[in-house]
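The report below walks through selected local features of one protein model, moving from a side-chain contact to a metal site and then to a sheet. Please keep the sequence and the 3D view open while reading.

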Amino acid sequence: MRFFNTYSRQIEEFEPRDPASRQIKIYTCGPTVYSRAHIGNFRAYIFEDLLQRHLELRGYKVHRVMNITDVDDKTIRGARVAGVPLQQFTTQFKDAFFEDMKTLRIKRADEFPAATDHHYIDRMIEMIGTLISRGLAYQADDESVYFRINKFPNYGKLAHFDLTQLQSTGRVKHDEYDKEHIGDFALWKTWDEEDGDVRWDSPWGPGRPGWHIECSAMSTALLGDQIDIHCGGVDNIFPHHEAEIAQSEGVTGKKFVRYWLHCAHLLVDGQKMAKSLGNFYTVPDVLAKGYTGRELRYALLRVHYRVPLNFTWEGMKEARESLARIDEWLTRLHEIAEKKIHKGEGKTQSGQQFEEALDDDLNISAALGFLFDSIRETNRALDQNEMDAASAKAWLNCWERINSVLDLETETKTVVPEEVAALAKDRENARCEKNWKRSDELRDRISELGWEVRDTKDGPKLAPRAAS
Ligand SMILES: [Zn+2]
């Protein structure tokens with residue numbers, strides 16, 4: 001298995017920390033719960049889901065942690081504006097996050113630690129204390145505690161960032177004058193009036209932790225000093241992940257992460273998603289257009305994680321069509337597989353190419369290419385009655401492995417309303433009579449009811465119509 005490691009900027013052979021146990025530790029940066037997560041956030045979570053499921057298919061045991069950031073500037077501001085306590089404010093978005101995860105069939109992490117949990121706050125304070133004692137952090141005149149990046153020679157290695165550039169560019173905000181270096185980041189932010197009752201006591205006075213130290217504390221608490229894979233979106237690389245390395249390694253003295261994997265951005269209609277552009281979508285926004293979580297999962301999954309993904313409604317329609325092809329294929333295979341197996345029939349299907357494609361830095365395009373080539377070939381064999389029951393069963397077994405990674409199988413058989421079924425029957429009769437005008441009228445009527453008719457080799461098939 002090979003992955004592109006952001007740290008080395010190279011494709012590297014995957015060698016887990018502990019090959020004998022086949023246990024893999026993964027840390028993934030989770031949501032900041034100040035608003036409903038958008039589909040760009042979920043693209044990254046779906047990439048992480050794909051990673052975990054593929055490792056599991058390959059026989060690894062994955063222990064994954066995803067943190068929930070429930071205290072930071074944005075959550076505090078949101079709670080203040082809403083006039084409710086911080087926890088009440090964040091809980092609604094935490095619940096929404098888990099609801100969306102379920103809709104998109106994203107496997108739950110083993111742990112979802114929350115930053116405000118006292119256990120982790122204590123650990124953050126302890127880590128900051130250690131960093132100060134080692135000269136890696138200092139309390140500035142504004143009473144906040146900062147990491148001293150000049151004392152950590154590897155700072156900037158992950159982002160391939162030149163620190164001298166950081167010194168020479170940009171305006172310095174007023175509150176930044178308290179720091180020794182403009183790149184020094186806050187480990188502990190001293191309390192001010194805007195924070196209201198959001199405060200914890202510390203040896204440096206009341207305040208709250210910085211965002212970066214949350215992840216260092218939670219990952220080392222739950223996964224130990226060293227982990228195999230750390231994931232996130234590309235926008236997490238600097239400063240967040242750079243800071244995580246500095247803090248964790250500054251405390252433990254050990255290499256924090258073996259492989260850094262980052263997911264590229266999601267664009268909408270070729271542009272960056274922004275509320276002001278009206279192209280900002282949450283999962284419920286997409287569902288409101290008549291699409292399912294399964295269809296959105298497919299649309300967010302099908303592009304290689306290191307390539308920017310352009311989300312369009314056209315793409316959602318394509319996702320629906322691709323899934324319909326899978327559904328039809330499975331229905332046909334099941335029909336044949338139910339027949340009696342004769343001696344000497346069939347051959348095994350391993351789906352090896354699918355798995356090898358994913359071994360190659362999660363090459364989902366190649367993996368899906370194999371799947372749809374297989375569908376085309378087996379459909380041809382089915383059309384020509386050349387598929388026997390044993391072969392159909394072998395393909396279904398192969399699909400089971402594939403689907404353990406993709407999780408795209410339809411949950412329920414779609415129930416076609418009686419009215420729609422009756423119209424489809426009338427249309428079929430009209431077609432037999434070569435009454436094309438009537439047939440088109442009926443098709444339009446069916447479409448108005450939210451369905452579409454597809455004329456297949458096995459006769460007309462009804463499917464829910466994509467919203468336009
Ligand atoms: Zn993080």
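## A contact within a helix

A polar atom of the side chain of Thr-378 lies 2.6 Å from the backbone oxygen of Ser-374, where a polar contact is a pair of N or O atoms within 3.5 Å, one able to donate a hydrogen and the other to accept it within protein, and residues adjacent in sequence count only if both atoms are side-chain atoms. Thr-378 belongs to helix 12, residues 364-383, helices being DSSP runs of H or I with at least four residues and strands runs of E with at least two, numbered from the N terminus.

This is a predicted model, in which local features need pLDDT of at least 70 and side-chain atom pairs count only at pLDDT 80 or more, while totals for chains, interfaces and linings use all residues. Residues are numbered from 1 along each chain as its sequence is written, and side-chain values use heavy atoms, with hydrogens and water left out.

## The zinc site

Cys-29 (SG), Cys-215 (SG), His-240 (NE2) and Glu-244 (OE) coordinate the zinc ion at 2.0 to 2.6 Å; donors here are N, O and S atoms within 2.8 Å of the metal (3.2 Å for Na, K and Ca), and sites may look incomplete because water is not among the atoms.

| Residue | Relative accessible area |
|---|---|
| Cys-215 | 0%, buried |
| Glu-244 | 0%, buried |
| Thr-378 | 4%, buried |

Helix 7 is itself mostly covered, with 13 of its 16 residues buried, and just after this helix Gly-253 takes a positive phi of about 75°.

Elsewhere, 4 strands form an open antiparallel sheet in the order 5-6-7-8, two strands being paired if DSSP finds at least two bridges between them. Strand 5 (137-139) and strand 8 (207-209) are the edge strands, each pairing on one side only. Strand 5 is joined to strand 6 (residues 145-147) by 3 bridges, and Gln-139 has Val-145 of strand 6 as its bridge partner.

Definitions and conventions:
Buried < 20%, exposed > 50% of the residue type's maximum accessible area, 1.4 Å probe, protein only.
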